[in-house]
Amino acid sequence: MTLTAPRATRRDPERSGRDAAASRPRRHRLSRFDQNASPYFYISPFFLLFGLVGLFPLLYTVWVAVHDWDLLKGQGDFIGVGNFVEILGDGMFWNSIRNTISIFLLSAVPQLAAALLIAYLLDRGLRAPTFWRMSVLIPFVVTPVAVAIIFSSAFNEADGLVNNLLNLVGIADQEWKHDTLLSHLAIAVMVNFRWTGYNALILLAAMQAVPRDLYESAALDGAGAGRRFFSITIPTIRPTLIFVVITATIGGLQIFAEPRLFDVSTAGGVGGSDRQFQTTVLFLWELAFFRRNLGEASAVAILLFVLIVGIGVINFLISRRIATGDGPSAGRAARRRARKNQEVSR
C-alpha cells in the first residue's frame, strides 16, 4: 500500500493580488461612506426631536389658523385667511405690536451694550475671575416669575422702592404701571437684569479666543484701548455677536412672563388697565384662554413668527455690516505685526 504525501497547496500570487485589489476599493468605499454619512447619523436625533416638538406644532398651528377653532368645542369650519383678516383689522393687535417693539428696543439695545462692556472688563484679567463670572450669572438663575414679582413690588406706585428713592432726590412719585413709556421702561429693566449677565458670558468666551498677539501688536502701533476694542475685538467676535443679537431679538419679541406678572393684581394680567404694556404673546394668550378663539390666536402666532424672522434678518444684516471685514487700519496693522513676530520666532 503506497501512501501519498499530501501535496502542499500554494496560493497563486496573481489570484491573491486580484482578491486584495478587489477588497481594497470595497473598504475604501465603506470608509468614505462612514466619513460622509456618520455626521448625519450623529445629529439625526436632534432633527427627529425637533420634528416632533417643533416642526409638527408649527404646521399644526397653520392648520388651526385657517379654521374656526374654539378652545372647548374644537375644530369648526374652514375659513381660510379669515382669522388673519380679523386680526389685522383689530386695533388691539397693532397696539400689542407697538408695545412689543418698544419694550424690545428699550431692553435689547442697552442689554447688548452692557453685555459687551461687562465681557470686556471680565476679559481684562480681574482678580478672582471665577467669582465675578459666577456673580454676573446669578440673575439668570432666578426664575422669571420671581424677577417679575420682585420688580413689580419695587415699581409699586404707592410705596415701591423706586418711588421712595426718587422722593429722596426731590422727584415726585411716578405712575410706573399706568404710564405707557414708564411701564415699558420698568419691564425692560426686568429683562435686562435677567439676561445681561448671560449674554456677557457668551461674549466673554468669544473674547478669550482672540489671540493676545493682536492686542500687543496694536499697542506697539500706538492704538489705545478703545481703538483695540473696535478694531480687533468687535471684528474678531463677529459670529458670536451676531448669534447674541439674533437670540436677543427672538427672546425680546416673545416676552410674556414679565408683562403678565407686572400688574396682575389690578389689571388681571392682560397688560395693564388700558393694555398699555400688553405684548403680542400676551395678546395671543388672551385670545386663546380668555376668548377661547384658538384660530385667531394661531393667526397671531404666525404673524409674530413672520415679524421675528423679518427683524432677525434686519439685525443680522446690520450687525454684519457693523462688524464686517478686518477692521480699520489699526486692526490690519496689528495682524501684520503679529504675523511678522510669528515668522521671526520660527
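1. Helices here are DSSP runs of H or I with at least four residues, strands are E runs of at least two, and both are numbered from the N terminus. The model is predicted: local features need pLDDT of at least 70, side-chain atom pairs count only at pLDDT 80 or more, and totals for chains, interfaces and linings use all residues. Residue numbers start from 1 along each chain as its sequence is written, and side-chain values use heavy atoms, without hydrogens and water.

2. Arg275 sits in the loop between helix 12 (264–267) and helix 13 (280–289). Its phi is positive, about 55°, although Arg275 is not a glycine. Most residues other than glycine have a negative phi. Arg275 counts as partly exposed because its relative accessibility is 23% (buried is under 20% relative accessible area, exposed over 50%, partly exposed in between; 1.4 Å probe, protein chains only).

3. Arg292 also has a positive phi, near 60°. It lies in the loop between helix 13 and helix 14 (294–322). With a relative accessible area of 33%, Arg292 is partly exposed.

4. Helix 4 (residues 129–141) packs on helix 7 (residues 180–208) at about 140°, with the axes 6 Å apart. Axes are lines fitted to C-alpha atoms, for helices over the stretch in contact, and angles run from 0 to 180 degrees between N-to-C directions. Helix 4 is therefore oblique to helix 7 (under 35 degrees is roughly parallel, over 145 roughly antiparallel, 65 to 115 roughly perpendicular, the rest oblique).

5. Which residues of helix 4 make the contact with helix 7? They are Arg133, Val136, Leu137, Pro139 and Phe140. Helix 7 contributes residues including Trp195, Tyr198 and Leu201. Contact means heavy atoms within 4.5 Å.
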